[in-house]
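Let's take a look at how two protein chains meet. The sequence and structure come next.

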Amino acid sequence: MRPEITPAALILLGLLAALFLHDLTSLEKNRRLMLLQLVVFAVGGSLIVYPEIARRLAHGVGIGRGVDFVLYPLVIWLVRESLLTRRRRLEEEEKTTELVRALAPAEARVVVAPAHLSGGQSSGSSASTTT
Amino acid sequence: MPAVRIAVLMPAFNEAGRLTATVDELRSLGAGAAITVFLVDDGSDPPIDAKTLDGRDRDKVGVVLARHAVNLGQGAALETARRLALDPRFAPPGGFDAYVTMDADGQHRGVDVLALAEAIASGADVALGDRFAGDSNVPSSRRALLGAARVFERVATGERLSDAHNGLRAFGPRAIAAMRIRHNRMAHATELTHAIARSRGEAGLHVVEVPVSVRYTEASLAKGQSASGAVAILVDLVQGFFLKDHR
C-alpha cells in the first residue's frame, strides 16, 4: 500500500499537527485526554495518507467510496451530539429560569397595596410594603 | 354587586416610558373592579423604579412588583406573574375572580381588561381577546402574519380561534391553575392555546372570544413579533416538543 501525498492531504495533516500542538499546551495536565486525542488524530492522519485503507474497508461492507465509510458514522455522531447539546442547553435554561424565578417572589414588593392587603380598604399610605 | 377582583399579569422589559400610562389607565376604570397588577420586570436595564408606579389615583389599583435578575423572555415573566397571583401572600382569601394577561407597552386598553374579566365573572373559564372583531388599527403586514399564526394554531392545537396570538386574555380560577407556561419566549402563546384546548377537552372549560381593541404604535410595532420572530417561535416549539421533558 503506497502513501498518497496530495496538496489536500498536506493541508489536512498540517491542520491536525497545529491542533495537536495547540491542545498539547492547553490540555497538558489532562494526559489521558491528550492520549485519546493522539490516537484519534493518528487514525485520522493514517486514513488521509493511506486512503486505500478506508477504500478497502468501505468495499468490505458494501459502501462505494472510502470517504463515505468515514463520513456516514461521523454525520450520525455529529447530529446526535447536536441534539444532545441542545437538550442540555434547554435543561440548563430551565434551571436558570427556576433559579431566577425563585429569587423573584422572595424579593417581590407590594408597591401600592391593593384593598385586600390593606385591611379591607385602599390606603394611600401603604406604599413600598416589603414582603 | 361586589367589585370583580382582577389580577392583571403584566410582564415588562424596558417599558419604563409607557408603563406609568398603562397602569394609570387601569386606575381610571372606576369602582366596578378591584385590580391588582402583578408586574414582573424581566431584567430591564435600568430596572423599573417603583416610584414611577406611585402616580395619581394610586388607591385604585394595587401593584406587586417582582424582578427577574436577568432577561428570560415574556413567557417566563408571565409564568412568574401567574405564580405571584396565586401566592397566598399576595392573593385575597379565596383567590381572584379573574386573571388577565396584559402587555405593559400601552397596546391594550383598560376597558378591555374589564370586558374580559366580566366575561369570566359571567361564567366563562377562558376569555380570549379578538382584535379583529374590535376597533384595532392592525397593519396589513401584521394582519397577514397573524392570519398565518391562526392557521398554524388550528393545525397544531385543534383550536379554531379568531385571534390566536393576542396577549390580552383572561382566565377564571379553574383555568389559571392549568396554564403553567414552560416556554420562556414568545412560543408561550401557542403553549397557552394548547393548554386551553387540552383543558377544554379534559375539564370542560368554557372558552369565549371577546372583541378588544389593540392600539398599534411605531414603538409597539418595532418591539412586536416579525416574520423572523415567527421562525424563532417555530424553532422553539419544535425544540420544546422533541427535547424537553414533558412531565
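How many residues does the contact take from chain B and from chain A? Chain B puts in 35 residues and chain A puts in 30 residues, with contact meaning heavy atoms within 4.5 Å.

## Ground rules

This is a predicted model, where local features need pLDDT of at least 70, side-chain atom pairs count only at pLDDT 80 or more, and totals for chains, interfaces and linings use all residues. Residues are numbered from 1 along each chain as its sequence is written, chains are lettered from A in the order in which they are written, and side-chain values use heavy atoms, leaving out hydrogens and water.

## What holds the record here

About 2800 Å² is buried between chain B and chain A, with carbon and sulfur atoms giving 54% of that. Buried area is the accessible area (1.4 Å probe) that two parts lose on being put together, summed over both.

Three salt bridges turn up across the interface of chain B and chain A (a side-chain nitrogen of Lys or Arg within 4 Å of a carboxyl oxygen of Asp or Glu). One of them pairs B:R185 with A:E93, whose closest N and O atoms are 3.3 Å apart.

## The chain B side

β3 (61-68), α2 (74-86) and α8 (227-243) of chain B each bring at least two residues to the side that touches chain A. Helices (H or I, at least four residues) and strands (E, at least two) are DSSP runs, numbered from the N terminus. The top giver is β3(B), with eight residues.

## Strand to strand

Strand β1 (residues 109-112) of chain A runs antiparallel to β3(B), joined by three bridges (strands pair if DSSP finds at least two bridges between them). In this pairing, A:R109 stands opposite B:L65.
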